[in-house]
Amino acid sequence: MSILSRRNLLRGQWRGHDAIRPPWSVDEALFTDGCSRCHACVEACETGVIMVSGNQSFPELDFQRAECTFCKRCVEVCPEPIFHSTESQPWQRYAVINQTCLTYQGVACRSCQDACEPYAIKFKLRLGGIAQPELERESCTGCGGCVRSCPVQAITTRESDQDNDGKQ
């Protein structure tokens with residue numbers, strides 16, 4: 001997460017959005033301090049979800065382009081110590097479905113469910129209405145597959161509040 005402060009402003013580390021760094025990345029400050037911007041991770045990414053964006057040209061994920069398969073190639077090719085061990089969980093990220101979802105507007109759509117490999121998105125039938133999505137957070141890997149599949153961009157991902165035991 002980028003925090004707007006005088007120091008970060010002067011270092012050029014502010015954005016209009018929070019960048020999603022590759023899985024297993026260390027925290028944002030350590031990542032931007034340690035990343036040499038060689039872009040080996042961008043070239044190694046099997047799905048093309050890792051890209052370079054902005055004037056700082058640090059690698060970040062764009063789930064509108066693709067999903068992360070957790071192939072570990074970004075970690076393996078990186079010459080810098082900016083990743084945790086791949087033996088640990090890649091991150092605490094999960095999907096968030098907002099109120100612009102077509103099903104909340106009375107339109108049947110299940111594109112996110114179809115794209116969700118871990119089957120974390122299921123649709124619950126409603127009496128007299130359209131089935132609506134429910135996310136099983138413990139099953140969600142935060143891969144972003146559902147983000148690209150949504151025709152109205154109603155899905156984003158969010159980093160879990162680890163101090164709050166995943167409840168928000």
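How many aromatic pairs does the structure hold? The structure holds four aromatic pairs, where rings of Phe, Tyr and Trp (its six-membered ring) pair if their centres lie within 6.5 Å, with planes under 30 degrees apart counted as stacked, over 60 as edge-to-face and the rest as tilted. The model is a predicted one, in which local features need pLDDT of at least 70 and side-chain atom pairs count only at pLDDT 80 or more, while totals for chains, interfaces and linings use all residues. Residues are numbered from 1 along each chain as its sequence is written, and side-chain values use heavy atoms, with hydrogens and water left out.

A pair of aromatic rings is described by the distance of the centres and the angle of the planes. For Phe31 and Phe83, the ring centres are 6.4 Å apart and the planes stand at 85°, so this pair is edge-to-face. Phe31 belongs to helix H2 (residues 28-34), whereas Phe83 is in the loop between helix H4 (73-77) and strand S3 (93-97); the pair therefore ties together parts that are 52 residues apart in sequence. Helices (H or I, at least four residues) and strands (E, at least two) are DSSP runs, numbered from the N terminus. Both Phe31 and Phe83 are buried, a term that means under 20% relative accessible area, as against exposed at over 50% and partly exposed in between (1.4 Å probe, protein chains only).

The rings of Phe63 and Trp91 also form a pair, with centres 6.4 Å apart and planes at 90°, so the arrangement is edge-to-face. Because Phe63 lies in the loop between strand S2 (58-61) and H4, and Trp91 in the loop between H4 and S3, this pair ties together parts that are 28 residues apart in sequence. Phe63 is buried at 5% relative accessibility, and Trp91 is buried at 11%. Ring pairs join Trp24, Phe63, Phe70 and Trp91 in a cluster.

Charged side chains also sit over rings (NZ of Lys or CZ of Arg within 6 Å of the ring centre and within 35 degrees of the ring normal). Arg93 lies over the face of Trp91, at 5.8 Å from the ring centre, and Arg37 over the face of Phe58, at 4.4 Å.

In the unreviewed UniProt entry, the annotation "binding site" covers Cys68, Cys71, Cys74 and Cys78; UniProt positions are given in the numbering used here, feature names are shortened, and annotations may be inferred rather than shown by experiment. Cys74 is found in helix H4 and is buried, with a relative accessible area of 5%. Neighbours within four places in sequence aside, Cys74 is in contact (heavy atoms within 4.5 Å) with residues including Cys41 and Phe83.
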